[in-house]
Amino acid sequence: MKKTKILVMTFAAVLGIGAAVSANVNLAAADVVHDWMDWNGQTVLWGLTQQEAQAYCSGTPAVCLRAKDNVFIYTTGYLIW
């Protein structure tokens, strides 16, 4: 019983430490480049970070461009051209 209790506590500690480490990983998301598409599905920008793509959008708080590889990454405004 005592060995089982120690084993369970050790497993819980390792799992907790692993979760804490994985939650604090910084992937430098600002440096990730994407291809960007408009709402018609046309690729309009290639190989830009989110901040660089945002420079091509201005104005309203609506979604302007979406990353092709992850539609949850987007810029706001409207295309300036």
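**Burial, sheet and core**

Analyst: In this predicted model, threonine 75 is buried, at a relative accessible area of 1%.

User: Why is threonine 75 called buried?

Analyst: The term requires a relative accessible area under 20%. Threonine 75 has 1%, so the residue qualifies as buried.

User: Where is threonine 75 found, and which residues does threonine 75 touch?

Analyst: Threonine 75 belongs to strand S4. Leaving aside residues up to four places away in sequence, its contacts include Trp36, Ala53, Cys57, Cys64 and Leu65, together with Gln50 and Gln54.

User: What makes strands S1 and S2 a pair?

Analyst: Pairing requires at least two bridges between the strands. Three bridges join S1 (residues 34–37) to S2 (residues 43–48), therefore the two strands count as paired, and they run antiparallel. Histidine 34, for instance, has leucine 48 in S2 as its bridge partner. Five residues lie between the strands of this hairpin, in which glycine 41 takes a positive phi near 85 degrees.

User: In what order do the four strands of the open sheet stand, and why is one side of S2 and of S4 left without a neighbour?

Analyst: The order is S2-S1-S3-S4, with antiparallel pairing. S2 and S4 (74–79) stand at the edges and have a single partner strand each, so one side of each lacks a neighbour in the sheet. From one strand to the next, the twist averages 45 degrees.

User: Which residues make up the largest nonpolar core?

Analyst: This core has nine residues in all: Trp36, Val44, Leu45, Leu48, Ala53, Cys57, Cys64, Leu65 and Ala67. Membership requires burial and side-chain atoms within 4.5 Å. S2 and S3 (57–67) are the elements that give two or more residues to the core, and S3 provides the largest share, four residues. Alanine 53 touches Trp36, Leu45, Leu48, Leu65 and Thr75, again not counting residues up to four places away in sequence.

User: How many aromatic pairs does the structure hold?

Analyst: The structure holds zero aromatic pairs.

Conventions: Residues are numbered from 1 along each chain as its sequence is written. This is a predicted model: local features need pLDDT of at least 70, side-chain atom pairs count only at pLDDT 80 or more; totals for chains, interfaces and linings use all residues. Side-chain values use heavy atoms; hydrogens and water are left out. Axes are lines fitted to C-alpha atoms, for helices over the stretch in contact, and angles run from 0 to 180 degrees between N-to-C directions. Buried means under 20% relative accessible area, exposed over 50%, partly exposed in between (1.4 Å probe, protein chains only). Contact means heavy atoms within 4.5 Å. Rings of Phe, Tyr and Trp (its six-membered ring) pair if their centres lie within 6.5 Å; planes under 30 degrees apart count as stacked, over 60 as edge-to-face and the rest as tilted.
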